[in-house]
Amino acid sequence: MAGISLDLPGAETGLSANERFELRWDLVQALWDRGLTQTARVLARELQDQATPEWSQRAQQWLDERA
C-alpha cells in the first residue's frame, strides 16, 4: 500500500495543517480499535513521513508500541 494517500488533490478542507494531522491521528486510532490494524499502521507510517516533527514522533512511538 506504499504510495497511497488519503489526500484528495485540489480539495480545500479549510483545516490547518495541525488539524489535518489530528484528524488523521484520530482515524489511525479508530481503525486500530475496530481491528483494522494493517490499515491503521499504513496511515500511521504516512503520518510519520509527512507530518510535523511532533506528529511524526507521536506516530513513531505508536508504531513502536505495536511492533
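I take helices and strands as DSSP runs, a helix needing at least four residues and a strand at least two. On that basis I find three helices and zero strands in the protein chain of this predicted model. Going along the sequence, I read the pattern as α-α-α.

**Overall numbers.** I looked up burial next: 27% of the 67 residues count as buried. The accessible surface comes to about 4800 Å², and 51% of that belongs to carbon and sulfur atoms. I also checked contacts between residues at least 6 apart in sequence, and 43% of these join residues at least 24 apart.

**Aromatic rings.** How many aromatic pairs are there? I get three. In one of them, Trp 25 and Trp 55 have ring centres 6.2 Å apart and planes at 55°, so I log that pair as tilted. This pair links distant parts of the chain, with Trp 25 in helix H1 (residues 17-33) and Trp 55 in helix H3 (residues 53-65), 30 residues apart. I note both Trp 25 and Trp 55 as buried.

Then I turned to Trp 25 with Trp 62. Their ring centres lie 6.3 Å apart with planes at 75°; over 60 degrees counts as edge-to-face, so this pair is edge-to-face. Trp 25 in helix H1 and Trp 62 in helix H3 are 37 residues apart, and Trp 62 is buried, as is Trp 25. Stepping back, I see Trp 25, Trp 32, Trp 55 and Trp 62 form one aromatic cluster.

**Charges over rings.** Which rings have an Arg charged end over them? Arg 58 has its charged end over the ring of Trp 25, 5.8 Å from the centre. For Arg 66, I find the charged end over the ring of Trp 32, 5.4 Å from the centre.

Methods
Residues are numbered from 1 along each chain as its sequence is written. This is a predicted model: local features need pLDDT of at least 70, side-chain atom pairs count only at pLDDT 80 or more; totals for chains, interfaces and linings use all residues. Side-chain values use heavy atoms; hydrogens and water are left out. Buried means under 20% relative accessible area, exposed over 50%, partly exposed in between (1.4 Å probe, protein chains only). Contact means heavy atoms within 4.5 Å. Accessible areas come from the Shrake-Rupley method with a 1.4 Å probe; for residues, only the protein chains shown count as cover. Rings of Phe, Tyr and Trp (its six-membered ring) pair if their centres lie within 6.5 Å; planes under 30 degrees apart count as stacked, over 60 as edge-to-face and the rest as tilted. A charge sits over a ring if NZ of Lys or CZ of Arg is within 6 Å of the ring centre and within 35 degrees of the ring normal.
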